[in-house]
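Subject: Structure for your review

Dear colleague,

Please find below the structure that I am handing over to you. My findings follow it.

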Amino acid sequence: MNIYFALIKKEFYQIIRDFSSILIAFVLPLMILFLYRYGVNLDTVKITLGIKNDDINPKISTLVNSFNHSDYIKTRYFYSKDEMYKEIQNSRLKGAIILPNDFTKNLINSKKADVLVITDGSEANLANFVQSYCMSVLNLWLSQNSDFKFNTRKPLINSDIRFWYNQDINSHFFILPGSLAITMNLIGMLLTALVISREWERGTIESLYATRITRMNFVIGKYVPYFILGMLSFVFNIFLCTVIFQIPFRGNIFVLILVGGLYLFCCLGVGLTISSSYKEQFSSSQMALSFGLLPALMLSGLIYPISSMPKFFQYLTAILPPRYFIIFIQSEFMAGTIWKIVIINSIFLGILGILLFFLVYRNINLRLEKCKED
């Protein structure tokens with residue numbers, strides 16, 4: 001037991017002397033959370049819409065004003081179609097709407113009134129926003145206009161839409177908790193990816209080989225200090241989300257920390273596996289960035305749904321710890337503690353963590369034997 005305490009104490013001294021570990025644990029997550037909070041936004045946007053009104057009937061003025069009063073539309077009025085088309089081509093307009101000269105006449109006579117909506121198809125999502133915004137304003141104006149609302153047929157089904165858990169439809173309420181999985185994955189790998197490589201570069205690994213420590217002593221001595229540092233960073237991230245950024249939290253804080261510990265255990269295992277495979281800190285850090293950022297960001301389900309990915313990548317996500325932690329932490333923040341989600345994802349994280357621990361142990365074992373042979 002004294003050997004474990006000595007190795008853990010040694011690692012803590014190295015953490016204190018090498019301030020980069022503190023920067024990775026506390027400054028890096030602060031930067032990432034600020035980036036996701038203020039730089040990433042998946043909410044509906046305010047679009048610039050061009051309007052050309054060819055109908056001289058004064059009753060149509062209320063419709064034009066309806067577009068101008070929308071919270072999501074900024075309007076510009078045009079008298080020339082060519083000028084409006086040129087603005088769309090130059091990306092100064094995201095869409096346009098043209099009201100023909102017989103628009104009001106057709107509405108009065110209970111005929112179908114045509115409206116031309118033009119969208120910039122180079123940005124598919126934005127084009128869908130333009131279309132839905134225009135149709136919403138048109139339908140709302142038609143239902144509230146006393147001159148025409150009796151000429152329209154009422155829908156047979158009236159839907160009352162309610163949003164559970166995220167009534168404000170604020171994308172930051174699920175992006176920031178989900179980003180904790182990306183942050184902790186990156187932190188856990190970077191903290192440990194340099195540990196063994198640093199020993200090789202500084203020449204201290206030979207001193208450890210000369211002692212009576214076992215492979216288990218060596219592995220545990222690397223896991224425990226960085227697990228404690230990573231958990232402190234995780235608590236710091238939760239504080240930033242809930243207190244500083246005011247993200248609502250409806251779950252159980254003890255469950256969140258427990259499952260977060262399992263997830264960090266997996267991330268440390270990946271980092272130590274990388275570190276035990278390379279003798280240079282530069283190579284280890286590059287591998288940690290590659291494995292810690294891109295797969296977690298692109299294949300975890302945070303931004304792109306896993307169900308919409310090709311089958312190969314859906315199967316590939318099964319071995320990625322962020323996939324299971326993102327599902328858990330988003331439900332924990334937004335919906336509360338759902339034990340089915342907690343148990344299933346904890347089991348997968350526990351299995352991955354144990355496999356990675358065994359892989360680290362085997363990798364260190366091979367290097368020890370090789371060192372003795374040399």
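Predicted model: local features only at pLDDT ≥ 70, side-chain atom pairs only at ≥ 80, totals over all residues.

Residues are numbered from 1 along each chain as its sequence is written, and side-chain values use heavy atoms, with hydrogens and water left out.

Salt bridges. With a salt bridge defined as a side-chain nitrogen of Lys or Arg within 4 Å of a carboxyl oxygen of Asp or Glu, the count comes to five.

Arginine 76 and glutamate 87 meet through their side chains at 3.0 Å, N to O. Arginine 76 belongs to strand β2 (residues 73–77) and glutamate 87 to helix α4 (residues 81–89), so this pair ties together parts that are 11 residues apart in sequence. Helices (H or I, at least four residues) and strands (E, at least two) are DSSP runs, numbered from the N terminus. Glutamate 87 counts as buried because its relative accessibility is 11%, and arginine 76 is partly exposed at 31%; buried means under 20% relative accessible area, exposed over 50%, and partly exposed in between (1.4 Å probe, protein chains only).

Lysine 10 and glutamate 11 form another salt bridge, with the closest N and O atoms 3.2 Å apart. Glutamate 11 is buried at 1% relative accessibility, whereas lysine 10 is partly exposed at 22%. Salt bridges that share partners join Lys10, Glu11 and Lys222 into one network.

In the pair of lysine 52 and aspartate 54, the closest N and O atoms are 2.4 Å apart. Here lysine 52 is buried at 10% relative accessibility, and aspartate 54 is partly exposed at 32%.

Helix α15. This helix spans residues 321–334 and reaches 20 Å from its first C-alpha to its last, close to the 20 Å expected at 1.5 Å a residue (1.5 Å times one less than its number of residues). Of its 14 residues, 12 are buried, including Tyr324, Phe325, Phe328 and Phe333. Glycine 336, which follows α15, has a positive phi near 100 degrees.

Surface patch. Leu293, Leu294, Met298, Ile303 and Tyr304 make a nonpolar surface patch of about 440 Å². Patches are made of residues with over 30% relative accessible area and no salt bridge, with like charges joined within 9 Å and nonpolar side chains (Val, Leu, Ile, Met, Phe, Trp, Tyr) within 5 Å; accessible areas come from the Shrake-Rupley method with a 1.4 Å probe, and for residues only the protein chains shown count as cover. Leucine 293 sits in the loop between α12 (281–292) and α13 (294–298), and is partly exposed at 33% relative accessibility.

Yours sincerely
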